[in-house]
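Hi everyone, thanks for coming. Have a look at the sequence and the structure on the screen, and then I'll walk you through a few spots.

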Amino acid sequence: MADSQFVAQLTELLTQVTAPNSAVIKAASEKLQTEVYSHPQSVPAMIEITQRNPTDQIRQLAAVEVRKLVLQHWDILDESLKAQIRSSLLQSVHREPNAMVRHAISRVISEIAKIDLPNQVWSDLPAYLLKASTSATATDREIGIYILYSLLDVVNNLLTSKIPELLQLFSHTIKDPESQAVRTNTLLALGKVSEVLDSDSDVDSIQMFQQFIPEMVNVLKQLVEQGDEKPVNQVFEVFQTLLWVDSSIVSKSLGDLIQFMLGMAKEESVDSEFRILAIQFLISAVRYKKLKVQSLKLGPILTTTALAIAANNMDDMDDEEEDNTPTRLAFGLIDVLSTSLPPSQVMNILMTEVPKYFSSPEPNNRRAGLLGLSVAVEGAPEFLSTQLKIVLPIVFEGLRDQVLEVRVAALQALAQLADELQETISKEHELLLPAVFNMMDTTDLKIAKAACTALDAMIETMDQDVIEHYLQTLVTRLLQLLAQPASDISVKGPIIAAIGSAAHAAKNKFLPYFDATIRAFEPYLSLTEGEKELDVKGMAFDSLGAMAEAVGKDAFSPYANAVVQAAYGCLKTDHNRLRECAFLFFGVLSKIYGQEFAPFLPQIMPELFHCLEQEETGFDENADMEVGDADEEDPWQNITVNSAMAIEKEIAADVIGDLASGTREAFLPYLEEACRILIELASHFYEGIRKAALGSLWQTVGIVYELSNPPKWQPGSALKVPLTETVTAYATMVRTATLETLEDEDDRSCATVICDNFSEIIRLCGPGIIGDDAEPIATQMLAILKKQHSCQTLDDDPEDEDAEDAAEYDVFLIDSAMDVVVSMAAAYGGDFEHYFRTFAPVLLKFCSSSNDGERRSGVGALAEVVNGMKGSISAWTPQLLKAFVHRISDESVEVRGNATYGYGMLAEYSLAHDKIIESYPRTLQRLQQCLVSDSENHRAIANICGCVARMATSHMESVPMDEIVPALVYTLPLKDGLEENVPVFKLISVLYQQHNSTIEGLTTQVLKVLEYMFSNDGPDSKQFEDDENRKQVIDLVRYLHNANPSAMQGSSLLQLLN
């Protein structure tokens, strides 16, 4: 079949490739590639070696290599030679005694079949394999099934017509009484069959496949008992596959599968590697089948089991080198559960379990409870904000625990709580800060790092007047810790980060500490090598940015050039994290210095562009020459992804938006290139890069719009204020890229960001920015609101569509889509009526959702739509009245507040006066009840005041003015929801103009309120919606002064009249 001399030469080279000498291996590999593999005769020669060489390793290597050569040379081989090869391969695979070599030869057969079968050649192969698979000899059955599996792996679409016949065969071989290999190979083949089944066309086959799943589980059980790691890994891959193929395949069995995997995951006697695979399956099941998991109400058992697994294996947490351990993955499962399932199925259970674990005498239980809480915070911050009476005492006690690891866990939980519930945790500073301060005074690195990390999270969003009380003690102590020698430099990172957060919160109050701090940072800014050292250097630049923002450009300027050059030097390194920090630092400085930062752009922009155009994927070309198991050959296995590079690109893409916003006109020379690159990245496989690219693109569009100096846009579908050609061109380009991404987006967070971008840009630029894409935008928003978008239907299963309860992240997406609807209503005004016909039924349905968040969003969106459409909303008055009036008595204070606001808007704008007036008595009664029940909620009180003011202004004759006006005035001043001052003072002004005796009798109180408002008006507490509103209130002050000058004698309000 092949020239003997050529075979001998090839055999020698293959022998050298397996030698324990890297130089020999490299030389032989190069000779094979350059001198041998280019010849067609290498195919029959390699096959001859596969069949005749006495060494298993050489036969296997030859089979692996010829599989690659077939693709290159098969078409040009002589037909008689090809027929001889086909026949000899089928004979030799049955003679081969080594299973690994048999598998490698099977792969060669399937590779040839991949070429032949589409050309109607070797058409008798499938029948031959079916016959072999039913042989009385176990080895023949194993080979037949394995070749079928290999064939399905490469040409499964060509075998679609034979699936019923294959399934009939597999129904016997999955239960083969003699051979574990036959059962395992059958399961692997079933995995390939599942990839081509479609519930629309393969109903019978899917029903038949569903019957296999219990037997597939039995095969897995057998392999786990035998402890054979390789086939167990392969079988778990099949079960993972079942989670993303047609949902009907596994739908009926998912509950049983999850229960089985839970049993394996928690069984201590099972090999930890197998338990890890079971937990990874559970994580995937929750992530990709969350609606089914939710409908089966499996969240509670998954949560309790994950916590128990973690508590029983807490020693795993101390191995920082190993990410995949049962404990770490169990906490990962809790994390995914909290972000994927509603709080009722996860957080409620944790709120019961964590106190039990924390009250245990076992330190591992206390630690597990705290860490379980820690990983769940991000998924349900709103729910946790209502549970702080349970959570905070546990965390506080944990900080004082006698066991160091428990204290560290408490600090980690506190850091997560502070990150997600910033304002709430900051308010607990008197309780928590002293405890954390005390824990910083230690020589233990774990405690010191965790304490500084918690401190960093707590103080970052603290009010300036609060942190001012701690600032001297805080900065002094942190600088002392920074100056102390440390055996591990990584402990300095959290200290530096905490200093940056202190500066961020303190703002200009940090100025007295700035010079000393920047001097303390100098040694860390000069670090040049070492992974940990450069990580710390990056954190120093992060904190420098925060300090620069705090103290302002004048104080920072003496250091600016030197620090910028040091940061620019970071861009020349190959340390991804350091480059990220430098990019972020430049973004911060551009916001501080504005156009003064422009001279640095020629240095920075090329670096950003270079970063964004780098490939973060690669191919390991040398992997082809490795001798290994042929059945593990996967075209994807040699693809590598540099995740650090991907994150760096995400940061770089985000910073482009910051630089554009900061430098404005100076950025224009880079705009075209930036947009070109960012649009390419809008479809990147990594969602972080997609989000950053689209965010920066819309930021640049907003900047271009603002630089065109447009007059204020006016609502309406017919543009009254056209956009410039430049703005239109960029907006069209970015809008097209955004819609293309959104249409196929499968990541929930990315879809949320896209919605946020749309709503923000529409609010800024008005109807013109929507262009001709109102219909596509509306279509995508409607799909999200109906929960039918691709990012919501990964686990599409008709049986689970009616699940009303939702994870908080799902509600965030719905909320963001509603913001787009609201923005479109504001942009189109009365012309939004066409779209509202479509959106109204969906939004009204949300008003009756069982989920508080969905009701809040639905009622709030309808209220804002009324505000946007104004009188054009009148036709929907009956439906909206029913929703708003009913929800004013909702159990949720936020829903009540939104309903109150919406009713007030409807009272102000609806032209269906009779229906509005008819609802007044009932509504006033409910508002009076809310005024009592919500007296501690400043936002709710503001909504009530605004609503009553609108009701009275619109239909004064239908309101008992002598009762509501005193109640309204004595409720002022508003402490939150300050935009409601607009309708309130509009009413008060009207009443004074009418010489209303009730309001005139309240003038002293009105003046007190006005004095409060003007004395407290500032950037952080804007008492007036805009300058026009402020002018109107000053006109009221002038009127009161003219009417009764003595009443204002000595008042601070007089200075407003000068």
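This is a predicted model: local features need pLDDT of at least 70, side-chain atom pairs count only at pLDDT 80 or more; totals for chains, interfaces and linings use all residues.

Let's start with a question: in which hand does α27 pass α29, left or right? Keep that in mind for a moment.

For our pair, helix α27 runs over residues 445-459 and helix α29 over residues 492-506. Their axes come within 8 Å and cross at roughly 15 degrees. Angles under 35 degrees count as roughly parallel, and therefore α27 and α29 are roughly parallel to each other. And the hand? The crossing of α27 with α29 is left-handed.

Who is touching whom there? From α27 we have K449, C452, T453, L455, D456 and I459, and they meet P494, I495, A497, A498, S501, A502 and A505 in α29. Sorted by class, that contact has nine nonpolar, two polar and two charged residues.

Now a second pair. Helix α42, residues 852-869, packs against helix α43, residues 877-887, with the axes 11 Å apart and an angle of about 130 degrees. So these two, α42 and α43, are oblique to each other. The crossing of α42 past α43 is left-handed. On the α42 side, R855, V859, L862, A863 and V866 make the contact, and on the α43 side it's L880, F884 and R887. Here the classes come out as six nonpolar, no polar and two charged residues.

Let's zoom out. How many helices and strands does the protein have? The count is 51 helices and two strands. Along the principal axes, the C-alpha atoms fill a box of roughly 120 × 70 × 70 Å. For 1058 residues, a compact globule would have a radius of gyration near 31 Å, and this protein has 35 Å, which agrees. Of those 1058 residues, 56% are buried. And if you take the contacts with a separation of 6 or more, 72% of them involve residues 24 or more positions apart.

Next, some loops. In the loop between α17 (290-295) and α18 (299-312) you'll find K297. K297 isn't a glycine, yet its phi is positive, about 55 degrees. Is K297 buried or exposed? Exposed counts as over 50%, and K297 has 62% relative accessibility, so it's exposed.

H995 has a positive phi too, near 55 degrees, and again the residue is something other than glycine. H995 belongs to the loop between α48 and α49 (997-1000). With a relative accessible area of 55%, H995 is exposed.

What kind of peptide bond joins L972 and P973? A cis one, with omega about 0 degrees.

One last stop: W244, in the loop between α13 (229-241) and α14 (247-251). W244 has 56% relative accessibility, so it counts as exposed as well. Now pick out S823, which is 579 residues away from W244 along the chain. Between the C-alpha atoms of W244 and S823 there are 36 Å.

Note on methods
Residues are numbered from 1 along each chain as its sequence is written. Side-chain values use heavy atoms; hydrogens and water are left out. Helices (H or I, at least four residues) and strands (E, at least two) are DSSP runs, numbered from the N terminus. Buried means under 20% relative accessible area, exposed over 50%, partly exposed in between (1.4 Å probe, protein chains only). Axes are lines fitted to C-alpha atoms, for helices over the stretch in contact, and angles run from 0 to 180 degrees between N-to-C directions. Angles under 35 degrees count as roughly parallel, over 145 as roughly antiparallel, 65 to 115 as roughly perpendicular and the rest as oblique. A crossing is left-handed if the near helix is turned anticlockwise from the far one by less than a right angle, and right-handed if clockwise. Contact means heavy atoms within 4.5 Å. Ala, Val, Leu, Ile, Met, Phe, Trp, Tyr, Cys and Pro count as nonpolar, Asp, Glu, Lys and Arg as charged, and the others, Gly among them, as polar. The radius of gyration is taken over C-alpha atoms; the globule rule is 2.2 Å times the number of residues to the power 0.38.
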